[in-house]
Amino acid sequence: MLVYILGVALFALGICVSVALHEAGHMVAAKSFGMKVRRYFVGFGPTVFSVKRGETEYGLKWIPLGGFCDIAGMTALDEVTPDEAPRAMWRFKTWKRTVVLAAGSFTHFVLGFIVLYFMAISMGLPNISDKPVINEVSDCVRSATTPEEWNDPTCGPADPAPAKAAGVQPGDEVVAINGTPTDTWQDLLAAVQKSEGPTEFRVLRDGEALNLTVDVTQVTRPTTEGGTEQVGAIGASQALMLPHGPVEAFGGSAAFTGELLVQTWQRLLEFPEKIPAVVEAIFGGERDPETPVSVVGASRIGGEAVEQGLWEVFLLLLASLNFFVGIFNLLPLLPLDGGHIAVTWYERVRDWIRKRRGKAAGGPVDYTKLNAVTSVVIVIGGAIVLLTVTADIVNPIRLIQP
């Protein structure tokens, strides 16, 4: 239990650091363009301490559930002092305001990449490309007629070990069988299962190509329909995590970042249709592991991952959460940063059209006219947070079912 609590605390700390750096991204970008940043605080509520450096007050508040960066004149409705007016954010060029507004999400993307890079050089990245890389070499292969027998690792004295006997080692990548390329693990399985007897395997080991002769053994195994079938077997399992060197890890982390960003966007599009399943889970229905989770649920999963020693799950979840927050925050909805970006570019396009028609610029958008839309978004967002938090308390998603 102590390890679980430590895992929850570590994940919650990771979230707090991410949010703090999100706001720091806004601050650094704003300062670099000459905008005035009045305050940068981590957390909300009463102030623990604060210190003023130059024109900016930095501080920490008691509730570590976010933070804020107070930039003078973020909109034309914000009150500014006479000395702040020339440096008010709304007076700056559109592209500069866009960079400042997007800097928070960009920080999340960078954080996610850093987490994945650390994974790549320490424990590897998930084998999303289905590479035919060997993870473990078994001590034997044997026939079985039931799933229980098939999953029993016990070896008999006469059971053969084709891969082990041929010198196949963990980390080997099988690139061809009998001269036929095996680009994926599925290709390897298909080739092995229809083979029998001495078979030529071409493998890459530490960058060197080797030819190994594996005596593929035909075994009996159970089928999903309840019967049995004869297939070739060598006694080796696939590597689900692929290690990377420090240089190679940059490319691998970048590719996996792209994959996660695409998956995150797809999950975001599917988000509305998952809400009914969350409601059902609150009232006793089975919790679908694909349903949305709150910060509470993510922290619980992170704690369970640490408890089980699954640090790769912990880090992958932390990276995924950063990507989700980064993309979500760019949605063109107020009060999200994406909403402010949308308003900024609306002003730019509108003024371009007015200029083409010989008219003067229209001036800053009146945000008070958007209050109703903003309120609706806040209410809907608050309701979703309440639903997911409730579901994560009464019927949480678990890595290992009890």
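**Group meeting: helix packing and a few local features**

I'll start with a contact list: Val3, Tyr4, Gly7, Val8, Phe11, Ala12 and Ile15 in helix H1 meet Val295, Ala298, Ser299, Arg300, Gly302, Gly303, Glu304, Val306 and Glu307 in helix H7. Contact here means heavy atoms within 4.5 Å. Helices (H or I, at least four residues) and strands (E, at least two) are DSSP runs, numbered from the N terminus.

Before going on, some ground rules. This is a predicted model, in which local features need pLDDT of at least 70 and side-chain atom pairs count only at pLDDT 80 or more, while totals for chains, interfaces and linings use all residues. Residues are numbered from 1 along each chain as its sequence is written, and side-chain values use heavy atoms, with hydrogens and water left out.

Back to the two helices. The axes of H1 and H7 come within 7 Å and cross at roughly 130 degrees. Axes are lines fitted to C-alpha atoms, for helices over the stretch in contact, and angles run from 0 to 180 degrees between N-to-C directions. H1 and H7 are therefore oblique to each other. On that scale, angles under 35 degrees count as roughly parallel, over 145 as roughly antiparallel, 65 to 115 as roughly perpendicular, and the rest as oblique. The crossing of H1 and H7 is right-handed; a crossing is right-handed if the near helix is turned clockwise from the far one by less than a right angle, and left-handed if anticlockwise.

Now each helix in turn. H1 has 32 residues and spans 47 Å from its first C-alpha to its last, close to the 46 Å expected at 1.5 Å a residue. The expected span is 1.5 Å times one less than the number of residues. After H1 comes Gly34, with a positive phi near 95 degrees.

H7 runs over residues 295-307, which is 13 residues, and reaches 18 Å between its end C-alphas, close to the expected 18 Å. Which residues of H7 are buried? They are Gly297, Ala298, Ser299, Ile301, Gly302, Gly303, Glu304, Ala305 and Val306. Buried means under 20% relative accessible area, exposed over 50%, and partly exposed in between, with a 1.4 Å probe and protein chains only. The buried residues of H7 pack against H1, helix H8 (311-328) and helix H10 (371-394). At the N-terminal end, Ser294 caps H7, with a side-chain oxygen 3.2 Å from the backbone nitrogen of Val296. H7 is followed by Gly309, where phi is again positive, near 75 degrees.

H2 passes H6 in a right-handed crossing. The residues that meet include Phe109, Phe113 and Leu116 in H2, and Phe250, Phe256 and Leu260 in H6.

Next, a group of charged residues. Lys36 lies in the loop between H1 and strand E1 (37-53). Is Lys36 buried or exposed? Lys36 counts as buried, at 13% relative accessibility. The side chains of Lys36 and Glu84 are joined by a polar contact of 3.3 Å. A polar contact is a pair of N or O atoms within 3.5 Å; within protein, one must be able to donate a hydrogen and the other to accept it, and residues adjacent in sequence count only if both atoms are side-chain atoms. Among the residues that Lys36 touches are Glu55, Asp70, Asp83 and Arg87.

Glu55 sits in the loop between E1 and strand E2 (56-71). Glu55 is partly exposed, at 29% relative accessible area. The side chains of Glu55 and Arg87 make a polar contact of 2.6 Å.

Then Thr199, in strand E7 (residues 197-205). Thr199 counts as buried, at 2% relative accessibility. The Thr199 side chain reaches the backbone oxygen of Gly197 at 3.0 Å. One of the residues touched by Thr199 is Asn178.

Asn178 is in the loop between strand E5 (173-177) and strand E6 (180-181). Asn178 is partly exposed, with 49% relative accessible area. Its phi is near 55 degrees, a positive value in a residue other than glycine.

Last, backbone geometry elsewhere. Asp130, also not a glycine, has a positive phi near 60 degrees, and Asp130 lies in the loop between strand E3 (125-126) and strand E4 (134-137). The peptide bond from Leu334 to Pro335 is cis, with omega near 10 degrees. Pro335 is in the loop between H8 and helix H9 (337-356).

Key
Lists of a residue's contacts leave out its neighbours within four places in sequence.
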